[in-house]
Amino acid sequence: MQLNNQQQQLQARILEQTKQLKDSQQKLLDSAEKSSELQDKVDKIENDASLWQRITRKFD
């Protein structure tokens with residue numbers, strides 16, 4: 001009976017740690033997606049700035 005109780009406690013800990021791991025993985029995926037979206041915005045801003053510089057140079 002003692003061993004069975006210990007096994008149940010271990011299984012409960014494993015399940016909790018597995019849930020925490022899945023939560024952490026999801027947070028990492030969400031962060032990676034946000035990072036990618038931010039990089040896209042930075043790229044667009046840089047492209048717009050470059051285009052604006054080319055346009056304004058024509059009037060110098």
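I noted Q26 as partly exposed because its relative accessibility is 42%; buried means under 20%, exposed over 50%, partly exposed in between, with a 1.4 Å probe and protein chains only. From Q26 to Q6 I read 20 residues in sequence and 30 Å in space, C-alpha to C-alpha.

The model is predicted: local features need pLDDT of at least 70, side-chain atom pairs pLDDT 80 or more, while totals for chains, interfaces and linings use all residues. Numbering runs from 1 along each chain as its sequence is written, and side-chain values use heavy atoms, without hydrogens and water.

I then took the whole chain. It has 1 helix and 0 strands. Its radius of gyration is 26 Å, well over the 10 Å that the globule rule gives for 60 residues, so the chain is more spread out than a compact globule. That radius is taken over C-alpha atoms, and the rule is 2.2 Å times the number of residues to the power 0.38. Along the principal axes, the C-alpha atoms fill a box of roughly 90 × 10 × 5 Å. I found 0% of the 60 residues buried.

Last, I checked I55. I55 lies in helix 1, which covers residues 2-57, and I logged it as partly exposed because its relative accessible area is 34%.

How values were computed
Helix = DSSP H or I, 4+ residues; strand = E, 2+ residues; numbered from the N terminus.
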